[in-house]
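Dear colleague,

Please find below the structure that I am handing over to you. I would be grateful if you could look through it before reading my notes.

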Amino acid sequence: LDFVPNHFSADSEYIDSHPDVFLQADDLSMKNDSHTFYKPEKKNDLIFAHGRDPFFPAWLDTIQVNYFNEEARKFMIEQLLHLSELCDGLRCDMAMLQLNNVFQNTWMGVLSRNNIAKPKEEFWDHAIIKVKEKNPDFTFIATVEVVALLGLKPVLVDVDIDHFTIDIESLKSAITPKTKAIIPVHLFGQ
């Protein structure tokens, strides 16, 4: 299943029932950047941020989850736990956007104006543990996007078709003096 944890639809039903899940802003933010911030029809007394990537303009059809809010983190973990009952694994699209440093750099202005502090723990560290406690065989399918964003060159290797694990011979032949890390991806608890 493809899962986009960064944001919901800009008119999500959760704006009414869980407004604190989303990144709220102030009048100054909206005045300075009416493209990124908006007042939804459902809660037009509040200003929210549209979802975005730090390198691109905001996506106007989205509302940003506030990953520096503990209630938002709990809510998103509940979503992951529910999804783990429905499927064997998730590809978490844009999973790097929830990393504390990326989130802080993307939303620095709003976070500082609203005195929102960076959490000590990474969202994914806690979320993966919670899901694995409930369903040890659940798979989080990694992507190489974060590797590329760090300026590194990802080198992919083949899988052992019988076990769906890394093909050791393919791995051995891909290792060079420039190799900095090997990132194995588990599948179905393997």
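Predicted model: local features only at pLDDT ≥ 70, side-chain atom pairs only at ≥ 80, totals over all residues.

The core. The largest nonpolar core has 36 residues, and those touching the most other members are F22, V65, M76, L80, L90 and F123. Two or more residues each come from strand 4 (37-38), strand 5 (47-49), helix 3 (70-86), strand 7 (89-92), helix 5 (108-113) and helix 6 (123-134). The greatest contribution, six residues, is that of helix 3. As for L90, residues up to four places away in sequence being left aside, its contacts are L1, F3, L80, L83, F138, T139, F140 and I141.

Helix 6. This helix has twelve residues and spans 17 Å from its first C-alpha to its last, close to the 16 Å expected at 1.5 Å a residue. Its buried residues are F123, W124, A127 and V131. These lie on the same side of helix 6, because they cover an arc of only 80° around the axis. In general, an α-helix has 3.6 residues a turn, so residues three or four places apart point the same way. Among the elements that cover the buried residues of helix 6 are helix 3, strand 7 and strand 8 (139-141).

Three strands form an open sheet in the order 3-5-4, with antiparallel pairing. Strand 3 (24-25) and strand 4 are the edge strands, each pairing on one side only. Strand 3 and strand 5 run antiparallel and are joined by two bridges; Q24 stands opposite F48 in strand 5.

With kind regards

How values were computed:
Residues numbered from 1 in each chain as written. Heavy atoms only, no water. Core = buried A, V, L, I, M, F, W, Y, C linked by side-chain atoms within 4.5 Å. Buried < 20%, exposed > 50% of the residue type's maximum accessible area, 1.4 Å probe, protein only. Helix = DSSP H or I, 4+ residues; strand = E, 2+ residues; numbered from the N terminus. Contact = heavy atoms within 4.5 Å. Expected span 1.5 Å × (residues − 1). Arc of directions from axis to C-beta. Pairing = 2+ DSSP bridges.
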